[in-house]
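Hello! Here is the structure I promised to pass on to you.

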Amino acid sequence: MEDEHRHFSVAHHFTVITGDKDTAAQIERIGRFIDDERPLSEPSFLMEFLDIYTGVALRELEGRGVCVPVISVYDPKAVKEIRAALRVVYHAVESISEVLAEKAKKLNHDHLRDLLIEYVGAVCDYYESSGVKPTLRTLGTPEAADVFHRALNDFNPVEKRPYYFVEHVIGLR
């Protein structure tokens with residue numbers, strides 16, 4: 001009985017998350033660049049995926065002294081935080097999607113984890129230098145994506161943008 005209830009909760013939560021077309025499109029776009037046989041359109045895998053990568057982002061924030069809430073992707077009350085976590089993953093993947101598409105490569109777990117660590121670090125550095133306390137929600141804003149894009153441009157030698165970051169920091173060759 002508990003397994004049935006858990007399955008219903010996952011399916012219901014997935015429906016809530018993808019209730020808006022932008023979120024569903026982000027999930028689909030992220031899925032194109034992830035190296036796994038289980039598609040993100042499958043509710044149980046999406047929940048597992050979000051659980052892992054929300055945890056990565058939250059641990060990075062916590063490591064910077066930010067007080068972070070405990071977020072469960074199975075908690076229907078956490079929808080805003082889960083959407084924010086999804087946007088963080090989306091913005092991070094989108095920032096290097098052109099290189100991934102051109103190289104015909106996909107991100108494995110380690111690549112994606114390292115990408116998120118770099119994303120959170122760069123965006124937190126920017127917000128902290130501006131006197132703003134970063135949160136999971138601020139990391140998921142379009143402004144945060146722009147900050148990371150600028151950080152990538154500053155990081156990469158001009159003639160190797162953005163391949164140097166993808167190959168030498170993320171380790172995707």
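Below is what was found in it, going from the whole chain to single residues.

A word on the ground rules before we start. This is a predicted model, in which local features need pLDDT of at least 70 and side-chain atom pairs count only at pLDDT 80 or more, while totals for chains, interfaces and linings use all residues. Residues are numbered from 1 along each chain as its sequence is written, and side-chain values use heavy atoms, with hydrogens and water left out.

**The whole chain**

The protein chain has 9 helices and 0 strands. Both kinds of element are DSSP runs numbered from the N terminus: helices are H or I with at least four residues, and strands are E with at least two. Read from the N terminus, the order is α-α-α-α-α-α-α-α-α.

Of the 173 residues in the protein chain, 41% are buried. Buried here means under 20% relative accessible area, exposed means over 50%, and partly exposed is in between (1.4 Å probe, protein chains only). The chain exposes about 9,400 Å², and carbon and sulfur atoms supply 51% of that area. Accessible areas come from the Shrake-Rupley method with a 1.4 Å probe, and for residues only the protein chains shown count as cover.

Contacts tell you about the fold too. A contact means heavy atoms within 4.5 Å. Among contacts between residues at least 6 apart in sequence, 68% join residues at least 24 apart.

Start with H2, which covers residues 21-32. At 1.5 Å a residue, its 12 residues should span 16 Å, and the end C-alpha atoms are 17 Å apart, which agrees. The expected span is 1.5 Å times one less than the number of residues. The buried residues of H2 are Thr23, Gln26, Ile27 and Ile30. They cover an arc of only 100° around the axis, which puts them on the same side of H2. That arc is taken from the directions from the helix axis to the C-beta atoms.

What does Gln26 touch, leaving aside its neighbours within four places in sequence? Gln26 is in contact with Leu86, Arg87 and Tyr90. Its relative accessibility is 13%, so Gln26 counts as buried.

Next comes H6, residues 109-129. The buried residues of H6 include His111, Leu115, Tyr119, Gly121 and Cys124. Which helices do the buried residues of H6 pack against? They pack against H3, H4, H7, H8 (142-155) and H9 (163-169).

**Salt bridges**

A salt bridge is a side-chain nitrogen of Lys or Arg within 4 Å of a carboxyl oxygen of Asp or Glu. By this rule there are 10 salt bridges. Here are three of them for you to find.

- Glu28 and Arg32 meet in a salt bridge at 3.2 Å, N to O. They are 4 residues apart in H2, so about one helical turn separates them. Glu28 is partly exposed at 48% relative accessibility, and Arg32 is partly exposed at 45%.
- Glu48 forms a salt bridge with Arg38, with the closest N and O atoms 3.3 Å apart. Glu48 lies in H3 (residues 43-63) and Arg38 in the loop between H2 and H3, so the pair ties together parts that are 10 residues apart in sequence.
- Glu81 pairs with Arg137 in a salt bridge, the closest N and O atoms being 2.8 Å apart. This pair links distant parts of the chain, with Glu81 in H4 (residues 79-95) and Arg137 in H7 (residues 136-139), 56 residues apart.

Salt bridges that share partners also join Asp36, Arg38 and Glu48 into one network.

**Cysteines**

How many disulfides does the structure hold? The count is 0, where a disulfide is a pair of cysteine sulfur atoms within 2.5 Å.

Enjoy exploring the model!
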